[in-house]
Amino acid sequence: MTGTLRSKWTAVVPIAALVALALTWQISPEPLLAVFIGAVLVAAVLAAVHHAEIIAHRVGEPFGSLVLAVAVTVIEVALIVTLIAAGGPGSHSLARDTVFAAVMITANGIVGLALLVGAIRHGITRFNPEGSGAALAVIATLATLTLVLPTFTSSRPGPEFSPLQLGFAAAASLLLYALFVLTQTVRHRDFFLPVATHGDAVRDAHAPPPTRRAALVSLGLLGAALVSVVGLAKTVSPVIETAVTRAGIPESFVGVVIALLVLLPEGLAATRAARLGRLQTSLNLGYGSAIASIGLTVPAIAIASVWIEGPLTLGLDGTQIVLLALTVAVGTLTVVPGRATRLQGSIHLVLFAAFIFLAMFP
């Protein structure tokens, strides 16, 4: 009975969320309406996680986590390009702020929470250092090429690339992303498979897989849920912006809040996988989302820059570079042993808290 009820509401919510999005699109909601939209948004996030898990169980790992990471990122990229094209205050640095926020949220918030939940449930969490280390290396390279180097190049004044430099960064990002996906899904797929050491994970892995028709239906509902999540997040952004301004917090923090909302599906899915003893799936979701965020966003804005006027700020400031470097260093120490305890999860969550605090009070 519980499974039937869950299937019904997870099928209805994405459609209802799309209807709510259509009715509230291009309006500035009042606080009461914003609360309602927020409730619908949270329900859509929960539905997205449910359908992502169905697809993941059908196609297996690491394809399942790849589906959710890429789906969310593609919609997020479309939202970024749309907002940049629309112009407005802060749009010149929107891509940088959103991508950096996505990296910090995934590499510290999602990964840290997964490590902590997994360690609390199972004592010591285990994963494949080969796959996780490769993913972290790609994140470090992509982030340095696209977010750090623009601060130090001299072809253009300010932290931005010249058109030729942006083209190189976009091509390199797309190439690295394609190579990572090939490695993850074909050449060395075993590096990204969960280390099954707990009874819960084994029982869940041997549950009957959904039918092809059920997986296709879930794929469509997942797309609807993710579109509504991103769209509703954009709809409530004026209310968030007003609240942030009144609190005396920098306007760039709005991008952090929206990124948190958009990445909720990955966060919930990663936490559930860690609770079931499949920490590798959690790391695939966290690190894969960070790689997709950079690897797909930078090429997209490079193409969009052909017709978008105005500067495109990509370079991070000093504080952000320090946080990024510390994240890579701590992440390396976390993934190299292939196992982690509550301490590693807590360290990453402290870094995530530092990012949120410094974004609010730079």
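Reader: Which helices each supply at least two residues of the lining of the second largest cavity?

Author: In this predicted model, a search of the whole structure finds two cavities of 30 Å³ or more. The lining of the second largest cavity includes Gly131, Ser132 and Ala135, as well as Gln280, Leu283 and Asn284. The helices that each supply at least two of the lining residues are helix 5 (129-148) and helix 11.

Reader: Which helix gives the largest share of the lining of the second largest cavity?

Author: The second largest cavity has a volume of about 40 Å³. Tyr287 and Gly288 are among its lining residues, as are Phe180 and Phe192. The largest share, five residues, comes from helix 11.

Reader: How do the residues of the lining of the second largest cavity divide into nonpolar, polar and charged?

Author: The lining includes Phe180, Leu283 and Ala135, and also Ser132, Gln280 and Asn284. The division is five nonpolar, five polar and no charged.

Reader: Why is helix 10 described as roughly antiparallel to helix 11?

Author: The axes of helix 10 (residues 264-275) and helix 11 (residues 279-304) come within 7 Å and cross at roughly 160°. Because angles over 145 degrees count as roughly antiparallel, helix 10 is roughly antiparallel to helix 11 on account of a crossing angle of roughly 160°.

Reader: Which residues of helix 11 make the contact with helix 10?

Author: The crossing of the two helices is left-handed. Helix 10 contributes Glu266, Ala269, Ala270, Ala273 and Ala274 to the contact. The residues on the side of helix 11 are Leu279, Thr281, Ser282, Leu285 and Ser289.

Technical notes. Residues are numbered from 1 along each chain as its sequence is written. This is a predicted model: local features need pLDDT of at least 70, side-chain atom pairs count only at pLDDT 80 or more; totals for chains, interfaces and linings use all residues. Side-chain values use heavy atoms; hydrogens and water are left out. Axes are lines fitted to C-alpha atoms, for helices over the stretch in contact, and angles run from 0 to 180 degrees between N-to-C directions. Helices (H or I, at least four residues) and strands (E, at least two) are DSSP runs, numbered from the N terminus. Angles under 35 degrees count as roughly parallel, over 145 as roughly antiparallel, 65 to 115 as roughly perpendicular and the rest as oblique. A crossing is left-handed if the near helix is turned anticlockwise from the far one by less than a right angle, and right-handed if clockwise. Contact means heavy atoms within 4.5 Å. On a 1 Å grid over the protein atoms alone, a cavity is a set of points where a 1.4 Å probe fits but cannot get out, and a pocket is an open set with protein on both sides within 12 Å along at least five of seven lines; lining residues have an atom within 4 Å of a point. Grid points are joined across faces, edges and corners, and a volume is the space filled by probe spheres set on the points. Ala, Val, Leu, Ile, Met, Phe, Trp, Tyr, Cys and Pro count as nonpolar, Asp, Glu, Lys and Arg as charged, and the others, Gly among them, as polar.
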